[in-house]
Amino acid sequence: MPRLESDKRRRLLQTAGAVAFWVIVWQLAAMTLGYGGLFLTSPLGTLQALGRLLPTADFWHRIAFSALRILAGFLLAVVFGVLLGAAGARWKLLAILFNPLMQLIRAMPVASFVILALLWASSSNLSIIVSFTHVLPVVYAGVAAGIADTDRQLVEMARVYRLPLGKRLRYIWMPGIFPSFCESCVAAMGMCWKSGVSAEVIGLPDHSVGDALYRAKITLTTPDVFAWTLVIVLLSAALSAVATRLLRLIKNRLCGEVRV
């Protein structure tokens, strides 16, 4: 146990040191470019801009507007990704039909998809659609990979002994699928934030984070651009950590402890 604590402290110190190194590089780059931070604001300038934004109601309204829509798209994609992944594993014809579509969605640039989506939906719902479509292939692939990696001998044994479906799901399929599913969900969380905000920057729905980011850019308010970017990164990291914790708790509750 002391060794684990020592390793954990060492990793934290290494991470803190790496972050400090890049903050110093950022500061030096901002000082070198000059022009009052017009092209590259300093870390302090970014924090000052963030300090101006935090107390305003508009800031929190934009965070809530974007977060609710992006998370809605994420949750819908998780539900459909699980269902389609399981269906594709069960019926090979469906997998043959689904795979080209998933590859197409993954290969399509966000900008192209946003422009097409604007033909069908209002800009206020754009981040839901784009988050959904960019998370769906990731979750689908994670579920399909988890099913493929599940021990076939255990599956065959359960069939021979006629184990009830509920117990098969709990003791065989979930432990086999969950590691790959968790990895895909955590990766998809960061992806959905990037794609969702990118969609907002193009569609410019009122009261969104993407709209604020675009307005800061066209008015050359560089510190605000960096502050909003920092907010997006922190939200993505925080929600990924929350998703990891929730998935671990769900797995522990349903079928025993597992590392995620």
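The largest pocket here holds about 710 Å³ of space. Of its 22 lining residues, Ala86, Ile147, Leu169, Trp173 and Ile177 sit closest to the centre. This is a predicted model, where local features need pLDDT of at least 70, side-chain atom pairs count only at pLDDT 80 or more, and totals for chains, interfaces and linings use all residues. Residues are numbered from 1 along each chain as its sequence is written, and side-chain values use heavy atoms, with hydrogens and water left out.

**How pockets are found**
- On a 1 Å grid over the protein atoms alone, a pocket is an open set of points where a 1.4 Å probe fits, with protein on both sides within 12 Å along at least five of seven lines; lining residues have an atom within 4 Å of a point.
- A volume is the space filled by probe spheres set on the points, which are joined across faces, edges and corners.

**The largest pocket**
- Helices H3 (57-90), H6 (126-149), H7 (152-160) and H8 each give its lining at least two residues; helices are DSSP runs (H or I, at least four residues) numbered from the N terminus.
- H8 has the largest share, with eight residues.
- The lining counts 17 nonpolar, no polar and five charged residues.

**The second largest pocket**
- Its volume is about 260 Å³.
- Phe74, Leu75, Met189, Ala243 and Leu246 lie nearest the centre, among 14 lining residues.
- H10 (222-255) brings the largest share of this lining, six residues.

**Helix H8**

Key:
Nonpolar A, V, L, I, M, F, W, Y, C, P; charged D, E, K, R; others polar.
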